[in-house]
Amino acid sequence: MDNAEIREYIKSLPTKPGVYQYWDDEGEILYIGKAKNLRNRVSSYFVNEQQLNGKTRVLVRKIGKITFTIV
């Protein structure tokens with residue numbers, strides 16, 4: 001997934017609480033997080049890159065797929 005595809009995917013995320021997973025292109029888990037509002041939390045990673053710290057910037061560049069589970 002490129003950034004444009006990810007941004008479109010984020011628009012379809014529910015605003016319910018849940019768990020989200022970031023995967024790289026090889027199918028390895030990069031990060032697992034929880035959120036009260038999935039759409040808001042996941043979209044917070046895809047703001048202006050200058051607003052992110054270095055670790056998060058590297059993480060976002062490696063994301064190839066996002067999955068979630070509503071809880």
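Reader: What makes the largest nonpolar core a core, and how many residues has it?

Author: The largest nonpolar core has 15 residues, and Tyr-20, Tyr-22, Val-42, Tyr-45, Phe-46 and Ile-66 have the most contacts inside it. The term denotes a set of buried Ala, Val, Leu, Ile, Met, Phe, Trp, Tyr and Cys residues joined through side-chain atoms within 4.5 Å. Two or more residues each come from helix H1 (3-11), strand S1 (18-23), helix H2 (38-43) and helix H3 (54-62); helices (H or I, at least four residues) and strands (E, at least two) are DSSP runs, numbered from the N terminus. The model is a predicted one, in which local features need pLDDT of at least 70 and side-chain atom pairs count only at pLDDT 80 or more, while totals for chains, interfaces and linings use all residues. Residues are numbered from 1 along each chain as its sequence is written, and side-chain values use heavy atoms, with hydrogens and water left out.

Reader: Why is Tyr-20 called buried?

Author: Buried means under 20% relative accessible area, exposed over 50%, and partly exposed in between (1.4 Å probe, protein chains only). Tyr-20 has 1% relative accessibility, and therefore counts as buried. Tyr-31, with a relative accessible area of 32%, is partly exposed.

Reader: Why is the pair of Tyr-20 and Tyr-31 called tilted?

Author: Rings of Phe, Tyr and Trp (its six-membered ring) pair if their centres lie within 6.5 Å; planes under 30 degrees apart count as stacked, over 60 as edge-to-face and the rest as tilted. The structure holds six aromatic pairs. In that of Tyr-20 and Tyr-31 the centres are 6.2 Å apart and the planes stand at 40 degrees, so the pair is tilted. Tyr-20 lies in strand S1 and Tyr-31 in strand S2 (residues 29-35), so this pair ties together parts that are 11 residues apart in sequence.

Reader: What makes the approach of Gln-21 to Thr-67 a polar contact?

Author: A polar contact is a pair of N or O atoms within 3.5 Å; within protein, one must be able to donate a hydrogen and the other to accept it, and residues adjacent in sequence count only if both atoms are side-chain atoms. The contact joining the side chains of Gln-21 and Thr-67 is 2.4 Å. Gln-21, in strand S1, counts as buried because its relative accessibility is 13%.

Reader: Why is Gln-51 called exposed?

Author: Gln-51 has 61% relative accessibility and so counts as exposed. The place of Gln-51 is the loop between H2 and H3.
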